[in-house]
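Thanks for making time this morning.

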Amino acid sequence: MNGFIKLHRKILQSDVAADEGTFHTFVMIIMTCNWKRARFKGREILPGQMVFAWRTLPERLQGAMPRPVAIGTLRKRVGELVQIGAVEVESTPKYSILTVVNWAKYQGSVSRFDTQDAFGVSEIDTQSDTLDDTLIDTDRRSKSKNEKNVDDPIANKEKTLDKELATWMFREVQRVVPKAKAPNLETWINDIRLMRERDGHTRHEIRTVFQWANADSFWSKNILCPGKLRKQFPQLHARMGGGKTLPTTPRNDLAAEARRRRAEKEAKHGTRREAVA
């Protein structure tokens, strides 16, 4: 990759420069995207566009950094760039295409460019993202942190157990939302740790309450990560009977849920009438 790019000073006053990480990601995108016309799987790719897969994008945008950015963090930054209007992302079943908006306006005319032969993208690079990809990514990013805890086997064991719980949670989420995207597992692990250390919940309680919510027709669509579980934990724990084993609501059975709530309401009103009498 030769040559240079144009970077106007007014970008410093734009929303792109409001966040250091987002700004770095944007610069790396315009540094690594196509600068000539090319074709990929029979489709024309224009200058300012990039064919990519999320699982390999961190390495492509790594640059001189000692290690690549986490997939979850990169997804967030690209999402912010999309909201700002700096880039557009088109997804297909096998790969995605990122387009830098106004590329031709700031980088010059593209009519004189020849065809670019290579992309640096292979069939392996464009495989669909999976939970296993995220687990591998999480393991890689955790190595440097684990080195600090090499003399603390208890801390390492606790994190391993939290990771196992987070992995189980995501597989349960996939039962409700089969096309759910692989999460930032580090964030999930941290939320589980906070529930244990700050909120005082055991892993058994966390698993039990999440399992109840995941089987409920309403909560199964709203509690899709440990962060949401932590926020609603007191309410969920109370609704399931303070941890007691209660019959769960059949998923998608709205009629059964309506009958149950109506019966609770009628029973409550009946108790009040008896007290008045």
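By buried I mean under 20% relative accessible area, by exposed over 50%, and by partly exposed anything in between, with a 1.4 Å probe and protein chains only. This is a predicted model, in which local features need pLDDT of at least 70 and side-chain atom pairs count only at pLDDT 80 or more, while totals for chains, interfaces and linings use all residues. Residues are numbered from 1 along each chain as its sequence is written, and side-chain values use heavy atoms, leaving out hydrogens and water.

Rings of Phe, Tyr and Trp (its six-membered ring) pair if their centres lie within 6.5 Å, and the planes count as stacked under 30 degrees apart, edge-to-face over 60 and tilted for the rest. Searching the whole structure gives five aromatic pairs. One of them joins Phe40 and Tyr95 edge-to-face, at 5.0 Å centre to centre with 90° between the planes. Phe40 belongs to strand β1 and Tyr95 to the loop between β4 and β5, so this pair ties together parts that are 55 residues apart in sequence; strands here are DSSP runs of E, at least two residues, and helices runs of H or I, at least four, numbered from the N terminus. Phe40 is buried at 9% relative accessibility, and Tyr95 is buried at 12%.

Phe218 and Trp219 form another edge-to-face pair, 5.0 Å centre to centre and 80° between the planes. Here Phe218 is partly exposed at 40%, whereas Trp219 is buried at 8%.

Finally, helix α6 covers residues 153-176, and its buried residues include Trp168, Met169 and Phe170.

Key:
Expected span 1.5 Å × (residues − 1).
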